[in-house]
Amino acid sequence: MRNKKTSEEVALGIRRRVFEHSMRNNGGYLSQACSAGEQLAWLYNEELKLGDPTLPMIPKPFEGVPSADNPNYHTGAGYNGPFEPQYDRLFIAPAHYALVAYATLIEVGRMAPEGLEMFNKDGSSVEMIGAEHSPGMEVHNGTLGIGLSTGAGLAYGRKLKGEPGRTWVYMSDGEVQEGQTWEAVQGASFHGIDNLYAIMDVNRQQCDGAMDSVMEVGDLKAKFQNFGAVCVDIDGHDINAMRDAVNEPHDGKPLIILANTNPFHSMPILEERFPRLHYVRFKSEDERSRMNVSIAKDLGVEPVDYSH
Amino acid sequence: MVEMVSRPYASAFEKFAVGKPEILCLSADLTSSCEVDGFRDRHPDQFLSLGMAEQNMMSFAGGLGLAGFRPFIHTFGVFMYRRPYDQLMASIAYPRRKVRLMGFLPGITTPGGMTHQSIEDISVMRSIPNMTILETGDATEVESICEAADSIDGPVWCRVLRGSVPRLFDTPIKVGEMRVLSEGDDILVVTSGITTEEAMRARSALKEAGLSIRHIHLHTIKPFDHKQLLDHIGSVKHGVVTIENHVTEGGVGSLVAETMADAGVGKRLVRLGLKDTYAHGGSRAYLMRYYGLDALALVGGIEDIMGQKFGITEEDMEAARVDDVHSLVKAEAL
């Protein structure tokens, strides 16, 4: 299934949905929409080879966790289409990007807009931190660092079975502080897992603030290359750069695309909140109102009427 | 004299895995120590070296499970749950991946000391939803552990014995059942793993002392057949003694205590095992004596319940086996 919009339009749509949602709910993962918009738009709108969704457009309520007593349990991966050998798979490793990921599903016609109304509501499967059963999710990634390893295992298994579909992991740069990320790259390289792809949102922010103030991570490209990956550094707001980056030859090695982004891209007023951008909760009615007017203007929409 | 079997896991795993391409053998730099070096050499297409990187290995195995494979992870038990506990939870246990966790060196079966001895693994695994727990107590159980583990629709934690292992039983593990080794009516003795052999060593001396022992051996710790245990408890007059190669908190002793408390059973229970303590490095026989996990300790537990001494000494029991520290059946002296 191919969306009729351009990826630029999808990226704008993602930001508008996250903005409206955050205004109405007095907070949200706004900065992640700024940094990740183009990457998720490009993945879903152009790059990923996915089948039609297998789950209802309006998400079902929470139906229990996996257990032997819950035989009908399923993950939210059905929003990315069926598990078939030719199709790609995607893990959203930073599960707190869920709001942005759900907005993406809506923009590319894989989930109904009503899905976002269920965000973080009791009894809903559209959870704040994406769970396995949340739309578009396939595994739990809420503990940062486990996504790439799981992707490597799946990719290796699919390679053994001769499946042409790729395994993609959407990553955030903060998780390079976890040692497991480097174990994963080392292992994927050692075993020649070249059907593993990752695109990382290098926005240089983490929960406590700017990454350089929390724990410096050094030259990511050099580190990924030294651990055995092929790594391409691009402007994470330039969709043409993504189109080129994915063609980088990487025989026998995973491909990691570092998408360097601006955490207030398209919403410059968010810079007022630097360095605390992880979750933007408005501190006063004045701030909420000013941001509403400013961001609405930037995104070309009317300010959100959040009074009722 | 009990028959000793050399490296039963090595041949059992190979026999089990050959011809099953969906079974993968994962190792974390302890391949010969876990007796799968021969398998690695003869079946490299089913073998995956993941190095000393257990966090990645656990999530990677979860990914393999997602792709339809059934990975058997081989390393020392401690290395599979202490450091990569989060990965065990999120990538394996929660999604019920069919990952078979073959944990070697259970409890004090190694002179490697605290860092190598998994003394609280059963407690940890019992509290993980979706986890199944199996423990081997002899060569026949080691030989049948792969089939037993692979019959489970979900993750399985296995305590596996290696090296020179006694053959005590002649039937394979049947998941969910318990072995009834004697059917007396004074005291119920519940054992698992290496403590079963200890209870068997004490059998004739206890009989000599006029005690009628009901002895059951557990290879399936979770899920657990509480009703069957209660029937056995109901068949004895005086009480229950558990003895385990594990801390007494959260292991088999706790399992029995919970079963009794839930059912309102008012009999005495003595739980033997590591008493809220780490162990140190030493031979198995030394550690079992030092920490009270051996036949003599079991006699003491029974005396406690009966309120009398029977004057049983080590000489009255069948000889304890002494493993060579430097043995050809072990890859290293651990």
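1. Helices and strands are taken here as DSSP runs, a helix needing at least four residues and a strand at least two, and both are numbered from the N terminus. The model under review is a predicted one. With that definition in hand, residues 3-167 of chain B are 37% helix and 21% strand, and the C-alpha atoms at the two ends of this span lie 5 Å apart. The span corresponds to a UniProt annotation, from an unreviewed entry, that reads "domain: Transketolase-like pyrimidine-binding".

2. Chain A also carries an annotation in UniProt, where an unreviewed entry lists residues 87-261 as "domain: Transketolase N-terminal".

3. The contact between the two chains draws on 24 residues from chain A and 26 residues from chain B. On the side of chain A that touches chain B, the elements giving two or more residues are helix H5 (147-160) and helix H6 (179-190) of chain A. Of the elements on this side, H5(A) gives the most, with nine residues. By class, the side of chain A that touches chain B is made up of eight nonpolar, twelve polar and four charged residues.

4. Turning to chain B as a whole, the model shows twelve helices and 14 strands. Its radius of gyration is 19 Å, close to the 20 Å that the globule rule gives for 334 residues, so chain B is as compact as a globular protein of that length. The C-alpha trace of chain B spans about 60 × 45 × 35 Å along its principal axes. Buried residues make up 55% of the 334 residues in chain B, and 79% of the contacts between residues at least 6 apart in sequence join residues at least 24 apart.

5. The domain assignment divides chain B into domain 1 (9-104 + 137-166) and domain 2 (178-306). The C-alpha centres of domain 1 and domain 2 of chain B lie 29 Å apart, and four residues of domain 1 are in contact with seven residues of domain 2. The side of domain 1 of chain B that touches domain 2 of chain B has one nonpolar, one polar and two charged residues.

6. Helix H7 (residues 139-150) of chain B is mostly covered, since ten of its twelve residues are buried. Among the buried residues of H7(B) are Glu141(B) and Glu143(B), along with Val142(B), Ile145(B) and Cys146(B). The cover over the buried residues of H7(B) includes helix H1 (8-17), strand S1 (4-6), strand S6 (132-135), strand S7 (156-160) and strand S8 (164-166) of chain B, as well as S5.

7. Helix H12 (residues 295-306) of chain B has twelve residues, and its first and last C-alpha atoms are 17 Å apart, close to the 16 Å expected at 1.5 Å a residue. The buried residues of H12(B) are Ala295(B), Leu296(B), Ala297(B), Leu298(B), Val299(B), Gly301(B) and Ile302(B). Among the elements that cover these residues are helix H8 (195-208), strand S10 (187-192), strand S13 (239-247) and strand S14 (268-274) of chain B. Just after H12(B), Gly307(B) takes a positive phi of about 70 degrees.

8. Thr109(B) sits in the loop between strand S5 (100-104) and helix H6 (121-126) of chain B. Is Thr109(B) buried or exposed? Thr109(B) counts as buried because 25 other C-beta atoms lie within 10 Å, where the cut-off for a buried residue is 20 or more. Apart from neighbours within four places in sequence, Thr109(B) is in contact with Leu161(B), Ile194(B) and Arg284(B). Arg284(B) is 175 residues from Thr109(B) along the chain, yet the C-alpha atoms of the two are separated by 5.6 Å.

9. Ile221(B) lies in strand S12 (residues 220-222) of chain B, and it is buried, with 22 other C-beta atoms within 10 Å. Which residues is Ile221(B) in contact with, leaving aside its neighbours within four places in sequence? They are Ile122(B), Ile133(B), Glu135(B), Ser192(B), Val252(B) and Leu255(B). As for Ala67(B), 154 residues separate it from Ile221(B) in sequence, and the two are 29 Å apart in space, C-alpha to C-alpha.

Terms used. Residues numbered from 1 in each chain as written. Chains lettered and ligands numbered in written order. Predicted model: local features only at pLDDT ≥ 70, side-chain atom pairs only at ≥ 80, totals over all residues. UniProt positions renumbered as here; feature names shortened; annotations may be inferred. Nonpolar A, V, L, I, M, F, W, Y, C, P; charged D, E, K, R; others polar. Expected span 1.5 Å × (residues − 1). Domains from an automatic or database assignment. Rg over C-alpha atoms; globule rule 2.2 N^0.38 Å.
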